[in-house]
Amino acid sequence: MGDNTLTKKGSNGISRRGFLGGTGSIIGAVALSGHITPASAAAAEAAAGPITDGARVAALVIGTGYGGSVAALRLAQAGVDVQMVEMGMNWDTPGPDGKIFPKVTSPDYRSFWLRTRTKAPLSNFLGFPIDKDVPRYTGILDAEDFAGITVYQGRGVGGGSLVNGGMAVTPRRANFAAVLPSVNADEMYDTYYPRANTGLGVGTVDPAWFDTADCYQFSRVGRKHAQRSGFAWTFVPDVYDWDYMKREAAGTVTRSALAGEILYGNNHGKKSLVQTYLAQARATGRVTVSPLHKVTTVSPAAGGGYTVAIDQISTTGDTVATKTVTADRVFFAAGSVGTAKLLVKLKATGALANLNDEVGKGWGENGNVMCGRANHMWDPTGKLQSTIPCSGIDNWDAGGAFAEVAPLPTGIETYASFYLSITKNPHRAEFTWNAAAGRADLSWQTAWKQPSVSMARTIFDKINSREGTIYRTDLFGGNRIWHDTLTYHPLGGAVLDRATDNYGRLHGYTGLYVIDGALIPGNASVNPFVTITALAERNIEKIIATDLP
C-alpha cells in the first residue's frame, strides 16, 4: 500500500491503514470474550429486513463464507455500507428436537440442501446403507454432483464454517510458494495468517488433556500407529472452544462435539463465522445479511455500477420473489464452486462478456480421499469420539499426503481408524457453460483421483504392514477401500493473478472482485479455510486502500 492510504479515512476518522493494522487481536478478544453475541449483533439487521427490490448499495457481497465475511467486516470498518446475500438459511431456529442442528448419525430434513434422499460421505456401516429419504428442504450440507465427483459445501449464513471439522491449518511455509506463487509469503506469514488465526479464534487442544480424554482415544491410536511406522504426527489447531469440550467431557455443559454433532452443524462449542467475523461485521451496524437469496446475473448498469438480479427462495427451493438491485461494487464470495459457476455463466451469456478465458479454470479438490482401517481387538478406538479432529499424519514431502485422523462417532466400538487425506493431486478441472442444459458443467474425471489414492497409500499401506491390519471395505458401499469420488475442499475456478489480478480484481471490469476459495489454484496442501481467510484479509486491505473513493 502506498503512503496515500494514511489520508483515506472511514466515517469515524480513523485511517484505514491504522484501523486494519490493529484489528487482528481486537476481533479475537471481543468475539471470544462473548461481548458480541450472534443474537445481539443481528438484532438491528433483523429489524431492517432483507435487501429490497430496486435498492442501490455501495458494496454487495455474494456469499457469507470465509472470504465474504472478511470482506464485509473490513469494508464496514472502513465506513462502507455492505449488503450480503446468502443462498442458504440463517440457522437460528430450533427444529422439533429442540436443537438447531442434528447429529451426524441422525440426518433429517435439515441435513441436506434440496435433496429428497441423504447422501452421507460415509454411506455404509457394517455393510448396510445408511442413507434415507427426507423432505426437500434448504438444508445445511449441499452434496453437489458433477461428472466424476460430489462436492460437499455448507449452505447457510456462515457458509462452509457451519459444516467443516474446524481444522484451522496454516500451511508449512516451505509449501506456500506452490499454493499461491504470486503472493508474498513474508506478508502472509508475518501479517495475514496471524490476523486470520486471531479473527477465527484458532486454538489447539491441551496435550495433557488429550492424553487422558476418552473422546480422543481414536486419535491416540492414530498417533501410535503413525509413529510406529516412522511418520510425523502432529496436533492440528481448530476453532472449537477447547474449554467447552473439557466441560462436555466432565458432564457440566450440554454436549455437542461429544454428542455426534459436526457434519450437519454444531450446536455448542464450535466457533463458526457466525460467532467471529460475521458477528463483528453485523455489530458495526453497516452490514445486512439476506438469507435465502440467490444471485442469478450481474451486468454493468447504465448509470455506473452493476445491475444484480436476485431470486428470493423458500425453504423448498421455490422462487418466491425476484429482485433487481444496483451495486457500486460486487464481491464474489459464493465459494469456489458457486463463484466459478456464476462467472462462467455470466461470461458465456454475455452479461460479463469481457471476463477473460481463465474464468472457470484451475479448479481442484485439494486431493481429498478417505479410507478406513480395521484395527485389532486390542486396539479399540473408543465408543465416545469427539467429532472435532485434532491431529494429522504428515508425509507430504516424501509421499505427497497429509492425513487427518478423523473420528467415527457412531456411539459403539468400531475398532476402526478413519482418515481424510489431502494429497498433491496434480489434476485440474474446468467449469464451462452448458447452454442447452442451462447449467455449468465440470470436467473432472473419476480416474483423476488415482494419484490421490497412490499418495495416501504411502501412509496407510505402510501402517497396515507394520500393524498387521487391513483396510475397511464396508464404509463407502460397493466393497470399496477408497472414497475417491468426493471433496470437502473445492478450490479454484477464478485463480488469483489469472482470472483476476494479484488482489482479486476481475480482469475486464472495474469494481468486480473475487475474494473466496476460487482464487486458490486447486490445492492448499492442508485444510484450506485459514488460507482463504488470510488471503481475503490481504486482498481487502489493498482494495480498501486503493480502490475506494
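**Close-up views of the predicted model**

Figure 1. The structure is a predicted model, in which local features need pLDDT of at least 70, side-chain atom pairs count only at pLDDT 80 or more, and totals for chains, interfaces and linings use all residues. Residues are numbered from 1 along each chain as its sequence is written, and side-chain values use heavy atoms, with hydrogens and water left out. Helices (H or I, at least four residues) and strands (E, at least two) are DSSP runs, numbered from the N terminus; the expected span of a helix is 1.5 Å times one less than its number of residues. H14 has a kink of about 40°, centred on arginine 457, where the bend at a residue is the angle between axes fitted to the seven residues ending there and the seven starting there. Buried residues of H14 include Met455, Ala456, Ile459, Phe460 and Ile463; buried means under 20% relative accessible area, exposed over 50%, and partly exposed in between (1.4 Å probe, protein chains only).

Figure 2. Among the buried residues of H12 are Val337, Gly338, Ala340, Leu343 and Val344. Glycine 350 follows H12 and has a positive phi, near 90°. Asparagine 366 lies in the loop between H12 and strand S12 (369-374). Its phi is near 60°, a positive value in a residue other than glycine. With a relative accessibility of 0%, asparagine 366 counts as buried.

**Figure 3. The salt bridge between glutamate 144 and lysine 341.** The structure holds 28 salt bridges, each defined as a side-chain nitrogen of Lys or Arg within 4 Å of a carboxyl oxygen of Asp or Glu. In one of them, glutamate 144 pairs with lysine 341, and the closest N and O atoms are 2.5 Å apart. The two residues are 197 residues apart and link distant parts of the chain, with glutamate 144 in strand S5 (residues 141-146) and lysine 341 in helix H12 (residues 335-348). Glutamate 144 is buried, at 13% relative accessible area, whereas lysine 341 is partly exposed, at 26%.

Figure 4. Arginine 195 and glutamate 541 meet through their side chains in a salt bridge (3.0 Å, N to O). This pair also links distant parts of the chain: arginine 195 belongs to helix H7 (residues 185-200) and glutamate 541 to helix H15, 346 residues apart. Arginine 195 and glutamate 541 are both buried. Aspartate 474 forms a salt bridge with arginine 472, whose closest N and O atoms are 2.9 Å apart. Aspartate 474 is buried, with a relative accessible area of 14%, and arginine 472 counts as buried at 10% relative accessibility. Elsewhere, salt bridges that share partners join Asp142, Glu144, Arg155 and Lys341 into one network.

**Figure 5. The largest nonpolar core.** A nonpolar core is a set of buried Ala, Val, Leu, Ile, Met, Phe, Trp, Tyr and Cys residues joined through side-chain atoms within 4.5 Å. The largest such core has 93 residues, of which Val298 and Phe332 touch the most other members. Helix H15 (residues 529-547) contributes the largest share of this core, nine residues. Neighbours within four places in sequence aside, valine 298 is in contact with residues including Ile62, Tyr306, Phe332, Leu346 and Leu512, contact meaning heavy atoms within 4.5 Å. Another core, of 64 residues, lies apart from the largest one, and includes Ala120, Trp233, Met245 and Ala257.

**Figure 6. Cysteines without a disulfide.** A search of the whole structure finds zero disulfides, a disulfide being a pair of cysteine sulfur atoms within 2.5 Å. Cysteine 215 is in no disulfide, and the nearest cysteine sulfur, that of cysteine 390, is 8.2 Å away. For cysteine 371, the closest cysteine sulfur is in cysteine 390, at 18 Å, which is too far for a bond. Cysteine 215 counts as buried at 1% relative accessibility, and cysteine 371 counts as buried at 1%.

**Figure 7. Serine 525 in its loop.** Serine 525 is located in the loop between strand S20 (512-514) and H15. Although it is not a glycine, serine 525 has a positive phi of about 75°. Its relative accessibility of 4% counts as buried.
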